[in-house]
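This report describes selected features of one protein structure. The sequence and the model are shown first, and the description follows.

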Amino acid sequence: MSKPFYLTTAIAYVNGLPHLGHAYEAILSDAIVRFKRLDGYDVFFLTGTDEHGEKVAKTAEKNGMTPKAFADMNAQGFLDMDRDLNISFDDFIRTTEPRHYKAAQAMWERLQARGDIYLGKYEGWYSVREEAYFTEDELIVDAQTGQKRTPQGTEVEWVVEPSYFFKLSAYTEKLLALYEQQPEFIQPAARRNEIISFVKQGLKDLSVSRHKSRLNWGIPVPGDDDHVMYVWLDALTNYITALGYPDMESVKFKSQWPAAHHIIGKDIIRFHCVYWPAFLMSAAVDLPRVVFAHGFINVQGEKMSKSIGNVLSPDDLIKAYGVDALRYFLLRDIPHGQDGNFAPDHAVQRMNADLANGIGNLAQRTLSFVFKNCEGKIPGAGALQPADQELLVHAYEKTLPRLRAAMNEFRPDLALAAVAELVSAADGYIDAQAPWTLRKTDPARMQTVLYVLCEVIRCAAIMMQWATPQAIAALLTQMNVPENQRQFAHVGVDHALKPDHLIEQPAGVFPRIELPAVA
Ligand code: MSP
């Protein structure tokens with residue numbers, strides 16, 4: 001039985017259509033799961049939309065729509081984005097689905113049965129934008145206007161209402177023990193430290209319902225129709241809804257939980273690293289393995305915002321650069337766990353250097369040479385020279401372990417750098433061996449050189465499928481590598497192409513990208 005690997009993205013609010021930040025999270029997550037599938041894991045990949053709460057309700061109202069109709073429209077926008085970006089999810093969950101109501105209400109009932117829920121009164125600050133509570137001392141006062149804002153800069157309002165509370169305070173020590181015993185739970189380490197120091201200050205009980213006088217767009221609290229569940233308790237539960245919760249005996253639940261990896265942005269670590277494990281502890285559900293927080297994508301050095309008008313839509317980006325190049329840039333260039341920047345000139349430079357001029361050019365020049373000079377067949381190799389062996393070992397043995405180590409730490413940037421190094425070693429090899437000269441001086445040696453290059457291209461392509469799936473599939477098809485021989489297990493001499501293996505007429509798979517006129 002192959003090892004389970006469950007990965008989730010955050011589920012996006014449907015108060016608008018997706019932007020580059022959402023696209024980045026989807027692409028990063030998709031790259032990781034595709035990598036794991038190629039490496040033989042039994043993957044389950046969940047994404048979806050977070051549809052309740054005040055933020056969605058208010059925006060729907062502003063748009064003159066019911067929350068449900070508004071959610072339907074925008075959820076479709078996320079589904080379309082996923083399709084256009086080749087996001088290979090196994091399930092797309094919407095929190096307005098009946099299966100999720102059932103799971104979230106069951107979750108509530110478990111917490112209640114544990115004695116962790118009580119009725120009280122909430123009096124304090126709330127940010128609708130972040131759907132989060134704030135204490136006075138967490139807020140920042142604007143020197144000019146005197147207005148209070150959250151550290152992320154969103155507005156807060158004073159809320160007084162009857163509310164159910166979750167006894168989060170009772171979990172302070174248990175959470176600290178979790179961070180200690182399972183250090184990989186919060187990644188990268190800087191985020192872990194942030195959470196530890198937050199929890200060490202002691203936790204207050206958490207308001208987990210909203211009174212219907214204020215909000216009724218939510219999942220009803222079991223047994224009390226005057227309240228709906230706090231959107232984060234509702235939303236976090238999606239990760240187990242999709243596995244069949246509350247049925248923890250289902251095949252999916254038993255095989256995939258707790259092999260869970262939650263990929264989220266840095267702005268929502270508190271919900272995932274503090275509230276979520278506390279809810280799960282209370283409900284007696286095992287804890288997920290990892291929460292990985294990525295950074296934010298800025299555009300030309302500035303935070304994306306509607307008021308600046310620099311919010312980039314995935315749709316426009318795909319039109320300008322193509323889906324594979326866009327994926328590649330984001331995976332290769334955004335630094336690990338840190339904020340990244342999208343600047344068109346830099347993006348185009350990276351895309352062309354690594355794709356059109358990198359693996360694309362290596363494949364195109366090698367395969368067209370083979371096609372023309374070897375009757376469209378992979379030639380046979382003669383005795384290998386040290387330079388051949390060195391390059392083959394680089395492709396067969398040295399690269400994949402580096403990729404695995406990098407991807408275990410959610411570092412596609414490093415993994416792709418390792419593939420780029422292999423490609424550049426192959427470029428150096430071509431220049432040194434000069435097969436075009438060998439064609440006249442030593443045709444047998446030319447054949448060996450081309451054979452080695454085809455093998456390097458085959459392996460490099462297999463190792464890059466997760467990043468740029470469409471173009472690489474086309475390349476492997478040109479090389480007539482059967483679809484069932486494109487797993488990582490096929491990287492290596494044991495699955496080498498046989499001499500006389502026919503290839504198709506090659507055509508470049510990574511076109512050169514022009515800087516869009518309106519960048
Ligand atoms: N609905 C909550 C998540 C609930 S998970 C149980 C939410 N939604 S969101 O739409 O605001 O954000 C969805 C994801 O996109 C989050 O992980 C968030 O960090 C990420 N991003 C939003 N803007 C981003 C960038 N500019 N850059 C990178 N990721 C960003 O939070």
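## The antiparallel sheet

Two strands are said to pair if DSSP finds at least two bridges between them. In this predicted model, strand β5, which covers residues 117-127, is joined to β6 by three bridges, and these two strands run antiparallel.

In general, the strands of a sheet pair through backbone hydrogen bonds.

## A helix across the sheet

## Two packed helices

Two packed helices are described by the angle and the distance between their axes. The axes of α15 (residues 412-433) and α17 (residues 443-464) come within 10 Å and cross at roughly 170°. An angle over 145 degrees counts as roughly antiparallel, and α15 is therefore roughly antiparallel to α17.

Residues of α15 in this contact include Leu416, Val419 and Leu422, while those of α17 include Arg445, Val449 and Val452. By class, the contact comprises 13 nonpolar residues, one polar and one charged.

## Around the ligand

Which residues come nearest to the ligand? Of the 24 residues around the ligand, these are Ile11, Glu25, Asp50, Asp267 and Ile297.

A backbone N or O atom of Ile11 lies 2.8 Å from a ligand nitrogen atom. For Tyr13, a backbone N or O atom is 3.1 Å from an oxygen atom of the ligand. The side chain of Glu25 has an N or O atom 2.5 Å from a ligand oxygen atom.

Terms used. Residues numbered from 1 in each chain as written. Predicted model: local features only at pLDDT ≥ 70, side-chain atom pairs only at ≥ 80, totals over all residues. Heavy atoms only, no water. Helix = DSSP H or I, 4+ residues; strand = E, 2+ residues; numbered from the N terminus. Axes fitted to C-alpha atoms, helices over the stretch in contact; angles between N-to-C directions. Parallel < 35°, antiparallel > 145°, perpendicular 65-115°, else oblique. Contact = heavy atoms within 4.5 Å. Nonpolar A, V, L, I, M, F, W, Y, C, P; charged D, E, K, R; others polar. Near = heavy atom within 4 Å. Polar contact = N/O pair within 3.5 Å; in protein donor to acceptor, adjacent residues only side chain to side chain.
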